[in-house]
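Dear colleague,

I am passing on the structure below, and after it I set out what was found there. Please read the notes with the structure open beside them.

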Amino acid sequence: MSAKPATGSAIRTLVGMAAANALGITLDPIDETTMVVNMGPQHPSTHGVLRLVMELDGETIVRCTPHIGYVHTGIEKTGEYQTYMKAVTITDRMDYLSAHINNLAYTLAVEKLLGIEIPPRAQALRVMLSEIQRIASHLVWLATHALDIGAMTAYFYAFRDREKLLDLTEMMSGVRLMPSWIVPGGLRGDAPEGWFERCAAVVDELPMRFGEYETLLDQNPIWRERTQGVGCITVDECLNLGVSGPTLRASGLAYDVRKVAPYCGFERYDFHVPVGTFGDVYDRYRVRLAEMRQSREILKQAIETMPDGPVRVGDRKVAPPPRAELDTSMEALIHHFKLWTEGIRPPAGEAYVPVESPKGEIGFYLVSDGSNKPWRMHERPPSFMNLQALPRLCQGRLIADVVAIIGSIDIVLGEIDR
Amino acid sequence: MVIPNISLGPFTLVDVLPYVALVTILGVILLATPFLVWYERVALALIQDRLGPNRVGPRGLLQAFADGIKLFLKEDIRPSAVDATIYYAAPVLMMIPALAACAVLPVADLRIDMGGGRIESVPFVVGNVNIGILYLLGLTSLQVYGIVLAGWASNNKYSLMGGLRSSAQTISYELSMTMAVLTGVLISGSTNMVEIVRSQAGTVADWNIAKFLPLGFIATVVYLIAMVAETNRAPFDLPEAESELVAGFHTEYSSMKFAMFFMCEYASMLVISGVATALWFGGWNSPHPALNFVPGFVWFILKVVAFVMVYVWVRATLPRLRYDALMALGWKRLLPIALAALVLTATWDAVRTPADKKSGWPVIEAPHDADKPAARASNAR
């Protein structure tokens with residue numbers, strides 16, 4: 001026992017290094033003048049549990065490696081053990097800031113498998129819900145992005161206005177964040193009385209609020225100095241990395257799924273696809289603000305042209321019969337029983353429907369083997385693709401730019417890790 | 001209002017006045033900190049369209065005390081890898097200059113009946129020293145040692161970066177601030193804080209901000225920007241930039257050591273605001289002789305509170321500057337402007353003062369000189 005026992009910290013270091021090597025993380029700096037800094041997974045501005053291992057030369061970033069997986073909960077695998085109707089609720093949990101749009105992307109894939117067409121009123125309400133959700137999600141992006149850059153008042157303003165949009169979701173579904181209101185076959189229910197009036201009031205108020213944010217941020221030289229020319233990316237680089245959504249459009253390509261592959265009747269609404277020029281943080285900010293205005297236009301048109309009719313398909317194999325029918329119709333009772341015990345049984349096949357989420361192109365790839373559960377469920381997570389651009393965007397920038405860039409690509413770790 | 005020079009045993013009121021001032025000013029600054037925190041939070045809430053603290057005590061006034069008690073009862077954690085001596089000394093090193101700086105803050109001018117109908121103006125200040133403004137500049141630059149050492153001793157990369165940022169920032173802005181202060185000294189013709197304030201008696205037009213227009217005004221603006229940078233407040237809060245460096249130099253500090261950094265920030269905010277008031281905005285002087293019935297210390301406090309409001313307002317409005325922009329602003333814009341203002345003020349002063357009226361500069365005179373009014377008259381331009 002002559003050997004000196006290893007101290008606690010030495011053991012911790014060894015274990016830490018072994019773990020790091022197993023994960024392929026190099027914590028050793030390239031040369032002696034640089035310093036490796038670990039940012040996250042617990043850090044105020046990595047938007048969740050993103051971990052960045054950054055090598056710094058002074059405050060300049062030489063190398064930046066994102067590490068993900070800290071909130072991996074196996075959502076896709078869980079989906080394969082749920083019936084088609086039940087799996088809707090877990091799609092909310094992926095990108096928790098745009099739950100309606102996640103529901104929609106999943107639902108459209110299931111409906112493609114089933115080969116059904118949903119009623120026009122349900123389509124229009126889906127458009128409204130997804131645009132409400134888009135504005136709400138962009139408001140959270142604006143709030144956190146501004147807070148990262150140090151403009152704290154914009155944070156409170158944006159969250160104040162997001163409340164009104166969440167109130168609309170709550171009024172319809174009773175839930176603010178995880179509504180699961182868009183389901184295969186239509187919507188769980190129609191809009192309650194007074195919903196459209198309230199929606200119109202919010203829509204009328206929004207332009208004034210957008211103006212407020214612009215006054216606070218856009219006309220501020222510090223804001224422009226912090227965002228212009230920072231984190232530039234070209235269209236080619238975006239396409240190579242699979243980047244989509246506002247990040248891609250800010251680089252100059254007008255790729256919006258609502259325009260190139262319209263779903264839910266988006267072709268019936270008159271709206272523009274805002275694009276940027278330089279693909280920097282400022283352009284991404286401008287594109288998202290312009291998008292909120294366009295979403296508001298869509299909402300306005302949708303309220304005016306809202307058709308009447310049911311919000312669920314009449315197919316009893318997909319949507320349950322109305323409660324009143326159960327008392328008189330034996331068939332209705334059987335359908336109801338079968339739907340809630342077995343669920344939907346789409347024919348064997350595969351389906352993918354792209355949808356424009358606030359982050360980019362989202363879509364669910366579903367493979368059905370004819371049973372009541374998906375054989376395979378896979379999401380194309382826009383945040384995951386967009387995060388791939390981060391090392392490229394951060395290269396050679398200052399550490400203060402990293403938080404601006406992370407904010408500008410608008411990632412949600414729930415969606416990345418799933 | 002004339003106060004009789006009452007006798008207190010072997011001493012008179014004038015003799016003990018500096019000690020009274022010491023206890024009062026120190027006590028007020030330390031006691032005002034919790035209310036200042038409340039004031040900031042309520043003002044921020046007003047700007048940000050929310051409620052702010054309203055649970056503890058009437059209108060949430062006791063919130064800061066509750067926070068203080070909470071911090072006091074927290075475990076005092078010392079990370080295993082810190083340099084213990086420096087780690088513990090850093091908050092103290094920061095606190096001492098912040099509190100010592102208030103020694104030369106002239107709060108009010110008291111009219112004291114010295115007996116025999118002789119009424120004299122005696123300043124309510126701890127140390128009426130001739131080099132008051134130099135003392136202040138020296139102490140405010142000492143504060144950076146607290147931050148740098150805290151960042152270094154914490155043995156944390158984020159803290160270290162906070163400390164480095166702070167040292168670079170303070171050195172850069174110290175220069176512009178000194179140039180602006182020197183302009184003020186030239187305008188007033190004295191380095192004694194009390195004399196600086198006295199030279200601004202009269203109306204708003206007699207305050208240093210309105211003299212040598214536009215030079216006085218330019219120097220004031222430079223000083224106001226540099227003072228926010230000196231106190232590491234938003235938008236110059238890079239050393240503790242929450243979204244970048246977690247908490248910067250005080251990431252590893254907990255309990256009362258953290259509370260000391262926190263108090264320091266607010267104490268130096270008060271002191272620097274007090275200096276700005278005395279140097280540019282007439283100190284205890286009222287804006288118009290018609291308002292002279294309001295006691296001087298009320299004006300002083302009102303002006304300081306207004307400055308704190310500006311601090312809060314700026315924090316609520318502006319995003320944080322980036323490191324390189326901060327340096328560019330300090331060296332490429334503020335410093336040349338401050339330097340130009342200083343040179344132009346000096347030239348103007350030299351040209352317009354008749355040769356026979358030129359006095360030695362700086363004015364050195366004993367604070368309690370018997371024939372002081374006469375001495376002042378001879379020094380007047």
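In chain A, the side chains of D256(A) and R249(A) meet in a salt bridge at 3.8 Å, N to O, the term meaning a side-chain nitrogen of Lys or Arg within 4 Å of a carboxyl oxygen of Asp or Glu. Please bear in mind that this is a predicted model, in which local features need pLDDT of at least 70 and side-chain atom pairs count only at pLDDT 80 or more, while totals for chains, interfaces and linings use all residues. Residues are numbered from 1 along each chain as its sequence is written, chains are lettered from A and ligands numbered from 1 in the order in which they are written, and side-chain values use heavy atoms, with hydrogens and water left out.

D256(A) also forms a salt bridge with R258(A), at 2.9 Å, N to O, and both of these residues are buried (under 20% relative accessible area, where exposed is over 50% and partly exposed lies in between, with a 1.4 Å probe and protein chains only). Through shared partners, salt bridges join E131(A), R134(A), R249(A), D256(A), R258(A), E291(A) and E356(A) into one network.

Over all chains, a search of the whole structure finds 46 salt bridges.
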